[in-house]
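User: I'm new to reading protein models. Could you walk me through this one with some quick questions and answers?

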Amino acid sequence: MIIVRYGEIAIKRGKRKEFERKLAKNIEKALERKGITGKIKLIRGRILVDAPNEAAEIIAKVPGVVSVSPAEVMDYNELPNYLREALKGKSPRSFKVETQRLDKTFLRTSIEVNKEVGAFVVNEFGWKVDLENPELVIGIEIIGGKVYVFFEKIKGVGGLPVGTQGKVVVLLSGGIDSPVAAFLMLKRGAEIIAVHFDQGMNARKVVEKVVEILNDYSPSPIELIVENHFEILKPYVLTLNKLGRREWTCVVCKVAMLRRAAEIARERGALAIVTGDSLGQVASQTLTNLYFETMSADFPIHRPLIGLDKEEIVEIAREIGTYGAFLEYPYCDCPFRPERVVTQGKLEEFERIRKELKKEKII
């Protein structure tokens, strides 16, 4: 049996049961996609999954799950014999017993269970008790009159179940940042649609690999839409050439992608566009240029990485596994980037460009 714990869902007054059912369904889908059938039971504060122990790692990647423990289930009086066999051959320098009594009708309190089981282990194996920094933790949860025993807690993603917050369109480039933005939106319960503007080179390979990795965090396969970057950007670049303002390419390029993403969002019923922008990281991500891009998109834009620096973003990318895709297919710089780029453009100049784009019926 696998014990699944959740956190934030428990405080969603009026929505708790709905969120619990959604999380259980997402766990079921995640297991099915890996060819595993699990019998799922919802109880207050926990989800119990009758599945092989290897399913625990899969479940831990489902947004909404805080931690997971493969456990053995038994009556309380069977606990000594089980521990005698399960702990045979182990030699930790210290241990502790950690009990949580979800079933308040159980006759012993958590403290009483800790003392009784701890005394048994000391007498049986002679190990030292350390309540602060033990080498081994014997976990016990009492549920429905039964004792669930485990020796590990696998950390989960946390957050909210995917599908409880609607859909978003995520701009996925071949870089490190946008996959992290996509993951964070999945973690907050949003279903994502990935849009990639293909420039050739290795970027598409990176994005396809990233989507494959992100699928482990999504209950349903993520839809990937690939657009031709050259075709989307061409009329914008021609206008900039006409005005002699190629230094605005990075800003106008972002406008082009955001406007196309907005069209896709409307078609798919998505509620926002998500980007991997981090304030000040590149030319198109200065506060001034973000302002120009946002005012031109005519659609809500979310930037979950806006206040993170590169090291923080890379740390998350390594943790979720998307950083490896970037290393496997090294990403080349954008072929459209001019020698000089605008980082702090003037509003009147940008308005002149927008006016020309409108005149050419590009926006």
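**Spaces, sheet and overall build**

User: Which residues line the largest cavity?
Analyst: Quick heads-up: this is a predicted model, where local features need pLDDT of at least 70, side-chain atom pairs count only at pLDDT 80 or more, and totals for chains, interfaces and linings use all residues. Residues are numbered from 1 along each chain as its sequence is written, and side-chain values use heavy atoms, with hydrogens and water left out. On a 1 Å grid over the protein atoms alone, a cavity is a set of points where a 1.4 Å probe fits but cannot get out, and a lining residue has an atom within 4 Å of a point. Here the lining consists of Val252, Val255, Ser296, Phe350, Arg354, Leu357 and Ile363.

User: Which helix gives the most to the lining of the largest cavity?
Analyst: Helices (H or I, at least four residues) and strands (E, at least two) are DSSP runs, numbered from the N terminus. Helix H8 (249–268) and H12 each supply at least two lining residues. The one that gives the most, with three residues, is H12.

User: How is the lining of the largest cavity divided into nonpolar, polar and charged?
Analyst: Ala, Val, Leu, Ile, Met, Phe, Trp, Tyr, Cys and Pro count as nonpolar, Asp, Glu, Lys and Arg as charged, and the others, Gly among them, as polar. On that basis the lining comes out at five nonpolar, one polar and one charged.

User: What volume does the second largest pocket have?
Analyst: A pocket is an open set of grid points with protein on both sides within 12 Å along at least five of seven lines. Points are joined across faces, edges and corners, and a volume is the space filled by probe spheres set on them. The second largest pocket has 14 lining residues, with Gly156, Val157, Phe183, Glu319 and Ile320 nearest its centre. Its volume is about 280 Å³.

User: Which strands stand at the edges of the open sheet of five strands?
Analyst: The order is E2-E3-E1-E4-E10, with antiparallel pairing (two strands pair if DSSP finds at least two bridges between them). Each edge strand has a single partner, so one side of it is left without a neighbour in the sheet. Those edge strands are E2 (39–43) and E10.

User: Which residue in E4 is the bridge partner of Tyr6?
Analyst: Strands E1 (residues 2–6) and E4 (residues 65–70) run antiparallel and are joined by five bridges. In E4, Tyr6 is partnered by Val65.

User: Is Asp298 buried or exposed?
Analyst: Asp298 sits in the loop between helix H9 (287–297) and strand E15 (301–302), and has a positive phi of about 60° although it is not a glycine. Buried means under 20% relative accessible area, exposed over 50%, and partly exposed in between (1.4 Å probe, protein chains only). With a relative accessible area of 60%, Asp298 is exposed.

User: What relative accessible area does Lys361 have?
Analyst: Lys361 lies in the segment after helix H12 (347–359). Its phi is also positive, near 60°. Lys361 is exposed, and its relative accessible area is 75%.

User: What is the radius of gyration of the protein chain?
Analyst: The chain has 12 helices and 15 strands. The radius of gyration is taken over C-alpha atoms, and the globule rule is 2.2 Å times the number of residues to the power 0.38. For 363 residues the rule gives 21 Å, and the chain is well over that, so it is more spread out than a compact globule. Its radius of gyration is 26 Å.
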